[in-house]
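Below is a short report on one protein chain. It starts with a set of paired strands and then turns to the packing around them.

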Amino acid sequence: MIYTPPKVPCGERSGYPCQRLVSLLSPHCGDRRHFPGANGGRPVARNRPRKIGLTVAEDYDLIEDDFPDLDPVTFDARRVWVTRPALDAWGRHHRLLQARIRLALTRGGYWRTADGGHLLEIGRHQLELSADGRYCVGYVLLPVPPPPPCGSPIDELRAPQWDLAAVALSPHAVRQFAGRHRVDEDTAADELFDLLDDAAARGKRFRFASGEHALAVDGFTITLAPDGATVVRYATVHAERTPSDVRDKVPSRYGRKHRRSPARWAAWMAERDAAVCAVQPEEWVSTGQIAGCFSPDRARITAGVVPHDQAGRAAEVRAIRERLRRAASAGRWSAGPDGCHFLAHDGRAWTVSPNGHAVLSCAPAWCPSAASGYHPGEPAEGGSGGDAAARAAGP
Ligand SMILES: [Zn+2]
């Protein structure tokens, strides 16, 4: 009954004939080519049913959302602490890895993992940050994407030797687009086909020494294999906008969390609070069993404990979870109204939802300034005296 993330066969999300069970927390099944939406390594054709797997995202409603997406403008990569395993895998100075994180955020691909982590890719470098963005917990040099099957080269991207309608997209190009613009794979494929048509109609054409062809329009470049049949890469000089944003001069209707304003973010969070707290009586858990169902690390900290728009909420939530861990191991459970549970410890009573998935409130109320600053365990890299405040955090 502990809140464990579901597992799906790898093939369901990567399209590869792979039956390995993979947790939605994982970016792949162990084989790095088997990323979500890899389409089995096959190019994605136009107007044909796509076998694009799940995007690891809201489908499962499991994203740990104490922390919003990393913002390329305000996120300070120099404050990221590089863990030992990541540093060993990287094999160079940690400052260079921090610079790579910065570059990946502004120029590369970005995904959330189901447990709230941040997955970044730039070129063949893949980096993983913890949910709070303070630690780099993994570094991997990705394999070279497999080249799509290629027929005989053509001289120019023009009819009759080139068939625009038959051009397909390599999974790598779709992944580049999806990560770059933080959209799902289906949206990425649709946008890429539209961009291809637009660039073919009015863009610049050129050819690389390798024989690959390129089409460029409005700061977007797509590269095609020498036979002109497959899009192999995608690149843009734009910071955030997609080709349709630029073309239509309107905000994309595919906007995701990172485009939400703080007010909309808070409203969305309140909606999620309500959803998590609405528990059917058949899902209620008895007082005797609640200890096994409640996870201090995964339970949702609702606005009843700390408002979602409060400054420094992430630090508060860290401190609250620390208290909850202590309460869960040493505190006392009792029955509350409407199926809720009380968890009492150290002079404070926490109200937990009937199935243990959310913390609704606490008494006495959580003091907002109690935990501002940084966690005492944090490396004091450019730190500014927040440690004392965190240590002094009292009930
Ligand atoms: Zn697999």
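Strand β14 (residues 332-335) pairs with β15 in the antiparallel sense, over four bridges. Strands here are DSSP runs (E, at least two residues), helices are DSSP runs (H or I, at least four residues), and both are numbered from the N terminus. Two strands pair if DSSP finds at least two bridges between them. This is a predicted model: local features need pLDDT of at least 70, side-chain atom pairs count only at pLDDT 80 or more, and totals for chains, interfaces and linings use all residues. Residues are numbered from 1 along each chain as its sequence is written.

**The hairpins**

β15 also pairs with β16, again in the antiparallel sense, over five bridges. Trp-333 has Leu-343 of β15 as its bridge partner. Ala-344 has Ala-349 of β16 as its bridge partner.

| Hairpin | Residues between the strands | Residue with positive phi |
|---|---|---|
| β14 and β15 | five residues | Asp-338, near 55° |
| β15 and β16 | two residues | Asp-346, near 55° |

**Helix α9**

Helix α9 covers residues 313-330 and has 18 residues. Its expected span is 1.5 Å times one less than its number of residues. Which residues of α9 are buried? They are Arg-313, Ala-315, Glu-316, Ile-320, Arg-323, Leu-324, Ala-327 and Ala-328. A residue is buried if 20 or more other C-beta atoms lie within 10 Å of its own, exposed if 12 or fewer, and partly exposed in between, with C-beta atoms placed from the backbone. An α-helix has 3.6 residues a turn, so residues three or four places apart point the same way. The cover over the buried residues of α9 includes β13 (300-301), β15 (341-345), β16 (348-352) and β17 (358-363).

**The cores**

The largest nonpolar core has 23 residues. Such a core is a set of buried Ala, Val, Leu, Ile, Met, Phe, Trp, Tyr and Cys residues joined through C-beta atoms within 7 Å. Ala-173, Val-174, Leu-192, Ile-222 and Val-231 have the most contacts inside it. At least two residues each come from α4 (171-181), α5 (185-202), β11 (220-224) and β12 (230-236). α5 gives the most, with six residues. A second, separate core of 20 residues includes Ala-327, Trp-350, Val-352 and Leu-360.

**The whole chain**

The protein chain has 10 helices and 17 strands. Of its 395 residues, 33% count as buried.

Definitions and conventions. Two residues are in contact if their C-beta atoms, placed from the backbone, lie within 7 Å.
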